[in-house]
Structure formats: C-alpha cells, structure tokens
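Biologist: I have some terms to check with you. Show me the model, please.

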Amino acid sequence: MRKFKNILKYIVPPIITIFIILIVLALKGFYPFGNLRIEYYDNIQQVIPIYMHLWDWLHGGNVSLFFDWFTGLGTNFFMPISAFSVLSPFNLLLYLIPREEIRNFLYIFIIIKLAFMSETMYIYLNKKFKTSYIFKLLFSIMFALSGYQLQYSVSFMPWMDVIVFFPLLMLSLEKIYNNRSNIYYILFLTICFIINYYITSLMLLFIFILSGIYINFFVEKEKRKTYIFKIAIGTIVSIGLAAFILLPTIMQLTQSQRFNNNSTGLTTQIFNILKSTPKNNFERMQQYIMYANLSLPIALMIWGIHKFKKEKEIIKSIIISSIFMLIPLFVEGTNLLLHLGSYVGYNMRYGFIIIFVFLNIGCYYSSKIKIKKEKINPTIILYLIIFVQSIIILIYIWNIVQNRLAQ
C-alpha cells in the first residue's frame with residue numbers, strides 16, 4: 001500500500017496539470033469544447049507546415065528529413081530540425097494521427113508536454129528536497145503552468161520539448177555536485193542539444209552561471225577544479241555527440257541575416273545593444289506576466305532569508321542568483337544580448353530558467369516549515385480529479401451528440 005501511494009505521488013502532478021487545462025478550455029469554450037482556438041502566430045505559420053513535412057517523412061513519403069524540395073525551390077532543413085525540435089521523441093506521436101488532424105492535435109501535444117513538464121519537475125524536486133508533498137506538488141504544477149508556458153506554448157510549441165528535459169538535466173548536474181559521475185549530465189545535455197540547439201544554449205549559459213555560484217560558496221577550494229573539470233568535459237562530450245545536428249545548424253545560422261546585417265565592430269554592436277530599451281509597454285507586460293504565479297516561492301524566500309539569517313553562505317548565493325536572474329527583466333540591454341541582439345515576439349525565451357530558480361529557492365525554504373503530519377492523501381486527490389474529468393468528458397460527448405442531432 002505504501003509503495004502504491006508513492007507511485008501515486010508521481011502520477012498526481014501531471015493529472016492535476018491536465019485537469020486544470022481541460023477546465024480552462026471547457027469554461028472558455030476553446031476547442032474541443034467550443035469553436036474558439038488558442039493556437040496562433042508561429043504555431044499556425046511555421047510549426048504546422050513543418051509537422052506536415054515530418055508526417056510525410058514518418059509515413060514513407062517521397063520527402064527528405066534534412067531537405068524540403070517543395071518550399072522556395074528547395075530549402076535546407078537542418079535549421080528547422082533543431083530550431084523547431086523536429087527530432088524530439090514527442091513527435092513520434094504524429095505517426096498515429098491523420099495528416100489533416102495535425103492542427104487539432106496541437107492541443108493534445110500542448111497538454112501532453114505540459115503534463116510531462118510537471119512530472120519531470122516533480123522528479124527533480126522530490127529527489128532534491130525533503131519537504132512536504134504539497135509544496136513539491138504545487139511547485140511542479142507552477143513550473144508547467146507558468147506564465148512563460150502559457151504565453152509561448154500557444155504561439156511556438158517546439159520549445160516545450162526541450163524544457164521537459166530541463167529539470168532532468170539539472171538533476172544530473174546535482175549528481176556532479178554530490179561528487180558523482182557526469183554520465184547523466186552528458187546524456188541529458190546531448191538529448192537537449194539534439195532536440196533544440198537554441199534553448200539548450202541558453203540553458204548552458206545559465207548552468208555555467210549557477211554552477212559558478214554554487215562552486216564558489218559550497219565547494220572546498222581543493223575540490224573546485226574537479227567539479228569544473230567534470231562539467232567542462234561533460235559539456236564538450238555532449239557537443240561532440242550532438243555535432244551531427246549542431247555543425248550543419250551553425251553553418252546555416254552563420255549565413256543568416258542576423259549574422260551578416262551589421263558592418264560595425266563587435267564591441268560597438270554589444271555597446272549599442274546594452275543601451276537598448278524595451279520597444280513598448282506590451283513587451284514589458286509580457287515579461288511580467290511570465291512570473292505571475294511566483295508569489296508563493298518568493299514569499300517563502302523572503303520569509304526564509306529573514307528567519308534563517310545565520311545561513312549566511314546560502315543567503316549570499318540566493319541573493320546573487322536572484323540578481324543574475326532579474327537583471328535581464330529590468331535591464332533590457334542584457335536581455336537583448338542574451339537574444340544575440342534582437343527578438344521578435346518572444347522577448348524572454350529563457351524565462352523558464354528564472355522561474356525554475358525561484359521555485360528551487362521557495363522549495364528549499366518550504367523544507368524549513370515543520371509539519372507534524374502529512375495530511376495530503378494522493379489517492380483521494382487522484383480519485384477526485386478522475387471523477388471531475390469524467391464529468392467534463394461526458395459533457396463534451398453530450399455536446400457532440402446534441403450537435404449531430406441538430407444537423
């Protein structure tokens with residue numbers, strides 16, 4: 001019975017995530033519960049056509065995975081493969097659906113990826129923190145249903161594929177911190193690079209920053225070189241293993257307009273970027289919305305810093321990490337620099353990393369709260385959710401029957 005309850009604890013986060021999404025879709029009348037649609041922008045203009053190309057390849061059509069013969073008199077497909085996460089394992093689901101249903105299937109794709117996101121985040125939090133189940137449950141759902149995911153999943157879904165693996169990548173980094181092998185770090189970083197070079201590059205930048213903070217505050221001086229060596233070797237090996245997709249992508253990227261449209265020197269370009277300000281208030285609002293559900297972890301962080309003042313090294317690392325995470329939010333120049341000088345539509349593509357960091361800090365301080373007895377029963381939660389979801393499905397079926405009868 002105890003083993004069954006432990007298994008249920010892993011099942012509940014994705015089920016609650018699915019439940020919340022279905023409730024919102026049903027209440028607002030979005031497809032499949034109504035005629036409104038949530039997908040727009042790049043999902044319509046680029047993602048669906050690329051998925052159709054992949055569908056044709058998966059079903060043995062007369063197409064090449066790495067070259068599109070039917071667009072613009074022929075198009076090199078290495079960049080779309082990486083930028084649009086074509087090699088993601090989630091895309092194998094395209095094999096199971098009719099080609100004409102790809103647009104409708106985007107909803108299922110989004111729900112599946114958000115569910116997996118909450119699952120991998122729960123695995124990470126459960127392995128790292130000894131805190132109440134309710135906090136790990138809440139924070140894993142917060143990661144999946146953050147403002148970042150809710151804004152970007154409906155406009156550009158392919159980034160979600162690699163974000164699913166991000167908590168597992170960070171868990172593999174924890175193994176290095178615990179003086180263990182870097183083999184899992186190599187494995188997950190390679191998977192991430194193969195799925196999406198761009199988002200993984202942003203992940204790697206923040207991994208270097210956060211690892212530097214951790215090693216400086218919590219690793220003895222004589223062991224620091226070992227930690228740095230493991231991370232460096234793991235990164236180099238991962239890049240080498242993913243080179244079959246990275247090298248053609250980089251070669252194509254360096255020929256793009258972004259790398260060839262400015263004749264000024266690199267120093268001048270960087271200086272001009274750092275002087276930049278947000279284009280409009282809407283872009284600024286997008287950035288703030290990303291962190292709308294972080295009030296609980298931030299409240300826990302403020303409470304913890306005040307309550308446990310003696311943990312000076314931890315507090316210093318938290319403050320420095322928070323400053324690094326928040327600088328791009330308030331200094332637009334640094335934000336643009338992380339986007340290689342410009343962005344269109346997606347003005348904080350690494351926002352999930354900032355959310356991840358603050359959820360970590362909140363979860364750490366939640367472990368300081370003394371709870372006499374765990375009162376959360378995952379079995380009851382699961383049964384309740386299944387019951388409510390069954391009602392939603394029955395309502396959906398009843399609406400379909402009514403529409404058919406009306407015709």
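The talk below takes up a salt bridge, a helix pair and a pocket.

Modeller: This is a predicted model, in which local features need pLDDT of at least 70, side-chain atom pairs count only at pLDDT 80 or more, and totals for chains, interfaces and linings use all residues. Residues are numbered from 1 along each chain as its sequence is written, and side-chain values use heavy atoms, with hydrogens and water left out.

Biologist: What makes Arg 103 and Glu 39 a salt bridge?

Modeller: The term asks for a side-chain nitrogen of Lys or Arg within 4 Å of a carboxyl oxygen of Asp or Glu. Here the closest N and O atoms are 2.5 Å apart, so the pair qualifies. Arg 103 is in helix α4 and Glu 39 in the loop between α1 and α2, 64 residues apart. The structure holds six salt bridges.

Biologist: Which residues of α9 and α10 meet?

Modeller: Among them, Phe 208 and Ile 215 in α9, and Tyr 227 and Ile 231 in α10. Contact means heavy atoms within 4.5 Å.

Biologist: How do you know what lines the second largest pocket?

Modeller: Lining residues have an atom within 4 Å of a pocket point. That gives 29 residues, with Tyr 124, Lys 128, Glu 174, Tyr 214 and Asn 360 nearest the centre. α7 gives the largest share, eight residues.

Note on methods:
1 Å grid on protein atoms, 1.4 Å probe; cavity = no way out; pocket = protein on both sides within 12 Å on 5 of 7 lines; lining within 4 Å. Helix = DSSP H or I, 4+ residues; strand = E, 2+ residues; numbered from the N terminus.
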